[in-house]
Amino acid sequence: MFATKESLKRRTGPFGIGRLSYLQSLVNEFQDTESQDSKLQILANLANFAYDPINYDYFRQLNIIDLFLDCLEECDDRIVEFAIGGLCNLVNDKLNQQIILSNEGIYHLSACLSRVDYNPNHKCYVDIFKVQELKT
């Protein structure tokens with residue numbers, strides 16, 4: 001179920017942290033931590049937030065799409081997998097598509113195809129490569 005701005009305000013309450021602030025804190029923690037397990041958990045949380053279109057503006061504002069793209073070059077296959085999942089959740093939006101394409105997202109995803117644990121049924125590859133077809 002997708003959230004609305006009204007439901008976010010209602011759930012947050014007058015003294016709670018807003019969605020933008022919360023996502024910013026996740027990004028900061030991801031960038032500051034040395035723990036791979038923490039990075040993995042934070043990236044998984046961000047990928048889950050990427051599912052809801054209400055967060056797309058926040059993701060663009062905080063450059064989380066770029067963070068996902070950067071993570072495609074990580075050595076840890078689990079990090080790469082969650083980054084792919086986050087991109088998959090974001091790619092249905094036209095602005096997000098443009099960001100992914102303009103930042104060589106197709107190239108980076110193509111490089112992931114040669115990884116040992118590549119799953120050819122991963123829906124993200126299908127979605128993102130469809131975007132590339134629409135561009136050409």
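**Reading the helices and rings of a predicted model**

Colleague: How many aromatic pairs are there?

Modeller: The count comes to two aromatic pairs (Phe, Tyr or Trp rings, six-membered for Trp, with centres within 6.5 Å; planes under 30 degrees apart are stacked, over 60 edge-to-face, the rest tilted). This is a predicted model, so local features need pLDDT of at least 70 and side-chain atom pairs pLDDT 80 or more, while totals for chains, interfaces and linings use all residues. Residues are numbered from 1 along each chain as its sequence is written, and side-chain values use heavy atoms, leaving out hydrogens and water.

Colleague: What is the geometry of Phe59 and Phe68?

Modeller: Phe59 and Phe68 form a tilted pair, 6.2 Å centre to centre with 40° between the planes.

Colleague: Is Phe59 buried or exposed?

Modeller: Phe59 has a relative accessible area of 0%, so Phe59 is buried (under 20%; exposed is over 50%, partly exposed in between; 1.4 Å probe, protein chains only). Phe68 is buried too. You will find Phe59 in helix α4, residues 56-61 (helices are DSSP runs of H or I, at least four residues, numbered from the N terminus).

Colleague: Which residues does Phe59 touch?

Modeller: Leaving aside residues up to four places away in sequence, Phe59 touches Leu23, Leu46, Phe49, Ala50, Ile64, Ile65, Phe68 and Leu90 (contact means heavy atoms within 4.5 Å). Leu20 is 39 residues from Phe59 along the chain, yet their C-alpha atoms are separated by 8.7 Å.

Colleague: Why is α5 described as largely enclosed?

Modeller: Six of the eight residues of α5 are buried, so the rest of the structure largely encloses this helix. The buried ones are Ile64, Ile65, Leu67, Phe68, Leu69 and Cys71. They pack against α2 (19-32), α3 (36-49), α4, α6, α7 (94-102) and α8 (105-112).

Colleague: How do α5 and α6 cross?

Modeller: The axes of α5 (residues 64-71) and α6 (residues 77-90) come within 8 Å and cross at roughly 140° (lines fitted to C-alpha atoms over the stretch in contact, with angles from 0 to 180 degrees between N-to-C directions). The two helices are therefore oblique to each other (under 35 degrees is roughly parallel, over 145 roughly antiparallel, 65 to 115 roughly perpendicular, the rest oblique). On the α5 side, the contact is made by Ile65, Phe68, Leu69 and Cys71; residues on the α6 side include Ile79, Val80 and Leu90.

Colleague: And what about α3 and α6?

Modeller: Their axes come within 8 Å and cross at roughly 15°. That makes α3 roughly parallel to α6. Residues making this contact include Leu40 and Leu43 of α3 and Phe82 and Ala83 of α6.
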